[in-house]
Amino acid sequence: MSSPKVPRPLFALLFTDQYNRRAAKFLKRHPELRGTYLKTLQLLEANPLHPSLRLHALHGKLEGLHSASINLSYRITLELLIQDQQIIPVNVGDHDAVY
């Protein structure tokens, strides 16, 4: 009997050193969100348009970036490069920190 195939992520997350530092700081301040944060990243890889992410384009000084929700209070801003199947997280935090 073969084991079930795990679906391959459709998008690749590309983490910069700057983002990794921001994420580490965020998770140090909010360790209770680690599981939710990791699930958000997995969902971004599998289906960035999933309704629970509430993905939307940003405007003004953040034109060209998108925002995805970790929960009602916290967001991840990201570059969404559809043509290259890549997602580059830029910042993570509450509304005021990322916008």
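**Aromatic pairs, a helix and a sheet**

A search of the whole structure finds three aromatic pairs. The model is a predicted one. Take the pair of Phe26 and Tyr74. Their ring centres lie 5.4 Å apart and their planes meet at 65 degrees, so the pair is edge-to-face. The cut-off for that label is over 60 degrees. The pair links distant parts of the chain. Phe26 sits in helix α1 and Tyr74 in strand β4, 48 residues apart.

Are these two residues buried or exposed? Phe26 is buried, at a relative accessible area of 2%. Tyr74 has 17% relative accessibility and also counts as buried. The limit is under 20%.

Tyr37 leads on to helix α2. This helix covers residues 34–46, 13 residues in total. From first C-alpha to last, α2 reaches 19 Å, close to the 18 Å expected at 1.5 Å a residue. Which residues of α2 are buried? They are Tyr37, Thr40, Leu41 and Leu44. These residues cover an arc of only 95 degrees around the axis, which puts them on the same side of α2. On the other side of the helix, Lys39 and Gln42 are exposed.

What does the buried side pack against? Its partners are β1 (12–13), α1 (17–29), β3 (66–69), β4 (74–81) and β5 (86–94).

Next comes the nonpolar core. The largest one has 19 residues. Those with the most contacts inside this core are Tyr37, Leu44, Ile76 and Val92. Tyr37 and Leu44 are among the buried residues of α2. The elements that give two or more residues to the core are α1, α2, β4 and β5.

Ile76 shows how these parts meet. Leaving aside residues up to four places away in sequence, Ile76 touches Tyr19, Tyr37, Thr40, Leu41, His66, Ser67, Ala68, Ile70, Pro89, Asn91 and Val92. Among them, Tyr37, Thr40 and Leu41 are buried residues of α2.

Now turn to the sheet. It is open and has five strands, in the order β1-β5-β4-β3-β2, with mixed pairing. Which strands stand at the edges? They are β1 and β2 (56–57). Each has a single partner strand, so one side of each is left without a neighbour in the sheet.

Inside the sheet, β3 and β4 run antiparallel and are joined by four bridges. His66 belongs to strand β3. Its bridge partner in β4 is Leu78. His66 counts as buried, at 19% relative accessibility. That value falls under the 20% limit. With residues up to four places away in sequence left out, His66 touches Leu55, His56, Ala57, Leu58, Ile76, Thr77, Leu78 and Leu80. The bridge partner Leu78 is therefore also among the contacts of His66.

Thr77 is one of those contacts. This residue lies in strand β4. Thr77 is buried, with a relative accessible area of 2%. What does Thr77 touch? Not counting residues up to four places away in sequence, the list is Leu58, His66, Ser67, Pro89, Val90, Asn91, Val98 and Tyr99.

Terms used:
Residues numbered from 1 in each chain as written. Predicted model: local features only at pLDDT ≥ 70, side-chain atom pairs only at ≥ 80, totals over all residues. Heavy atoms only, no water. Expected span 1.5 Å × (residues − 1). Buried < 20%, exposed > 50% of the residue type's maximum accessible area, 1.4 Å probe, protein only. Arc of directions from axis to C-beta. Contact = heavy atoms within 4.5 Å. Phe/Tyr/Trp six-rings, centres within 6.5 Å; stacked < 30°, edge-to-face > 60°. Core = buried A, V, L, I, M, F, W, Y, C linked by side-chain atoms within 4.5 Å. Pairing = 2+ DSSP bridges.
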